[in-house]
Amino acid sequence: MISWAALNAILNGTSAVLLVCGYAAIPSAKMAVHKIFMVSAFWVSTAFLISYLIYHYRVGHVVFAGQGRIRPVYFTILISHTILAVVIVPMILVTLRRAWMERFDKHKLIARWTLPLWLYVSVTGVIVYWMVYQLYAPGRA
């Protein structure tokens, strides 16, 4: 059985893979495929957010056990991840709305920013999980 934190990491990682697949469909003009991947990434990210909020409501504050030089590295990743996670939510909604409304010129303008930031948030979410729950898990040497 996987932990709740691992489930959240899996959802984040899945979202990252879906984003890359959706982006990869653009050069070959496979817009229906692009749409399926991006909408799927949205729903997986939504499931992650709900799961994440429930998890932290139940568990509370999680402490990073790493010591020494890794601490500033971890906190740099965590802080940038957290700030961009807040920023990306409205950007995703605007980007998807513009595509839904078939305002593709405006969609493309914001999507150029949304995709890399969303991908960064998804990937760093997995990195934060790995650092807290695997690499520097309490009780690990």
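Me: How are helix 1 and helix 4 oriented to each other, roughly parallel or roughly antiparallel?

Reply: In this predicted model, helix 1 and helix 4 (residues 104–135) pack at an angle of about 150°. Angles over 145 degrees count as roughly antiparallel, and helix 1 and helix 4 are therefore roughly antiparallel to each other.

Me: How far apart are the axes of helix 1 and helix 4, and in which hand does helix 1 pass helix 4?

Reply: The axes of helix 1 and helix 4 are 9 Å apart. Helix 1 passes helix 4 in a left-handed crossing.

Me: Which residues make that contact?

Reply: From helix 1, the contributors are Ala 5, Ala 6, Ala 9, Asn 12, Gly 13, Ser 15, Ala 16, Leu 19, Val 20 and Tyr 23. From helix 4, they include Leu 115, Trp 118, Leu 119, Val 121, Tyr 129 and Tyr 133.

Me: And how many residues of each class does the contact of helix 1 with helix 4 have?

Reply: The contact of helix 1 with helix 4 has 15 nonpolar residues, five polar ones and no charged ones.

Me: Turning to helix 2, at what angle does helix 1 pack with helix 2?

Reply: Helix 1 (residues 4–24) and helix 2 (residues 31–59) pack at about 160°, and their axes lie 8 Å apart. That angle makes helix 1 roughly antiparallel to helix 2. The crossing of helix 1 past helix 2 is left-handed.

Me: What is the class make-up of the contact of helix 1 with helix 2?

Reply: By class, the contact of helix 1 with helix 2 has 17 nonpolar, nine polar and one charged residues.

Me: Let us step back. How many helices and strands does the chain have?

Reply: The secondary structure comes to four helices and zero strands. Along the sequence, the pattern reads α-α-α-α.

Me: What are the spans of the C-alpha trace, and what share of the residues is buried?

Reply: Along its principal axes, the C-alpha trace spans about 50 × 30 × 25 Å. Of the 141 residues in the chain, 32% are buried.

Me: What share of the contacts with a separation of 6 or more comes from residues 24 or more positions apart?

Reply: Residues 24 or more positions apart account for 69% of those contacts.

Me: What about Glu 102: what is its phi, and is it buried or exposed?

Reply: Glu 102 also is not a glycine and has a positive phi of about 60°. It lies in the loop between helix 3 (70–100) and helix 4. With a relative accessible area of 60%, Glu 102 is exposed.

Me: Finally, where is Ile 127 found, and how far is its C-alpha atom from that of Phe 48?

Reply: Ile 127 is found in helix 4. Its relative accessible area is 31%, so Ile 127 is partly exposed. The C-alpha atoms of Ile 127 and Phe 48 are separated by 15 Å, and the two residues are 79 residues apart along the chain.

Methods:
Residues are numbered from 1 along each chain as its sequence is written. This is a predicted model: local features need pLDDT of at least 70, side-chain atom pairs count only at pLDDT 80 or more; totals for chains, interfaces and linings use all residues. Side-chain values use heavy atoms; hydrogens and water are left out. Axes are lines fitted to C-alpha atoms, for helices over the stretch in contact, and angles run from 0 to 180 degrees between N-to-C directions. Helices (H or I, at least four residues) and strands (E, at least two) are DSSP runs, numbered from the N terminus. Angles under 35 degrees count as roughly parallel, over 145 as roughly antiparallel, 65 to 115 as roughly perpendicular and the rest as oblique. A crossing is left-handed if the near helix is turned anticlockwise from the far one by less than a right angle, and right-handed if clockwise. Ala, Val, Leu, Ile, Met, Phe, Trp, Tyr, Cys and Pro count as nonpolar, Asp, Glu, Lys and Arg as charged, and the others, Gly among them, as polar. Contact means heavy atoms within 4.5 Å. Buried means under 20% relative accessible area, exposed over 50%, partly exposed in between (1.4 Å probe, protein chains only).
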